[in-house]
Amino acid sequence: MTTVYDVPADHIIRKVAEELKKRQEIKPPAWAAFAKTGVHKEMPPEDPDWWFIRAAAVLRRVYVDGPLGVERMRSFYGGNKNRGSKPNAFRKGSGSILRKALQQLEAAGLIIHDKTGRRVSPAGMAFMDKMAHEALAHPPAPVPKRVKPVVEEPKKAEGKKGKAPKSEKSDDVKGEKKPAAKKGEGKKAEKADGKKEKAEGKKPEA
């Protein structure tokens, strides 16, 4: 029988998140669109469905590592905080998000809360194993990678010292070059004109 341990975590979490959207007990609070997932984060999540994904990840974590509590789960969802010139330091994740997600999963009957902590219920175990079987039979499509737009750098102004800018150059068509005059051609032409004038009886102009 297929269990949660037989399926990659990202596959089953995405499958469970899709099913949790259909349950009335699992709803993001009003502040979910503005809250960060921890003090180590700089911005709130960009995915509008991040609450369902976090609830699915919490349910899987309780299935695998339960029974456990909120304080222990905070270390699973923590990370390094950027402190500028000082070395990065580990900070735990938000306890309010985890607490609200666990309470909603408990209201849905997928988690049991007792003296030992929170652990998965028989209904929650059957639900997770069913999702694991579906994820193994029909794995979800891979998430497309986000490509950063390429920003073109502004071109530097041309026209160095001693060189005229492009606007002041001749208006010749690009690609058309004037044929360079060969050495001695000008003098030969002047001599030929002088000979013609002598033959006609005219003095060559000085």
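Glu71 has a relative accessibility of 45%, which counts as partly exposed. Buried would be under 20% relative accessible area and exposed over 50%, with partly exposed in between (1.4 Å probe, protein chains only). This is a predicted model, where local features need pLDDT of at least 70, side-chain atom pairs count only at pLDDT 80 or more, and totals for chains, interfaces and linings use all residues. Residues are numbered from 1 along each chain as its sequence is written, and side-chain values use heavy atoms, leaving out hydrogens and water.

**Charged pairs**

Side chains of opposite charge can pair when their charged atoms come close. A salt bridge here is a side-chain nitrogen of Lys or Arg within 4 Å of a carboxyl oxygen of Asp or Glu. How many salt bridges does the structure hold? There are six. The table lists some, including two with Glu71.

| Pair | N to O distance |
|---|---|
| Lys21 and Asp49 | 2.8 Å |
| Arg74 and Glu71 | 3.5 Å |
| Lys92 and Glu71 | 3.0 Å |

**The pairs of Glu71**

Take Lys92 and Glu71, whose side chains meet in a salt bridge. Lys92 lies in the loop between strand S2 (89-91) and helix H4 (95-107), and Glu71 lies in helix H3, so the pair ties together parts that are 21 residues apart in sequence. Salt bridges that share partners join Glu71, Arg74 and Lys92 into one network. Helices (H or I, at least four residues) and strands (E, at least two) are DSSP runs, numbered from the N terminus.

Arg74 and Glu71 sit in helix H3 (residues 70-76). They are three residues apart there, which means about one helical turn separates them. Arg74 is partly exposed, at 24% relative accessible area. Lys92 is partly exposed too, at 34% relative accessibility.

**A cis bond**

Which residues does a cis peptide bond join? They are Gly66 and Pro67, with omega about 0 degrees. Pro67 lies in the loop between H2 and H3.
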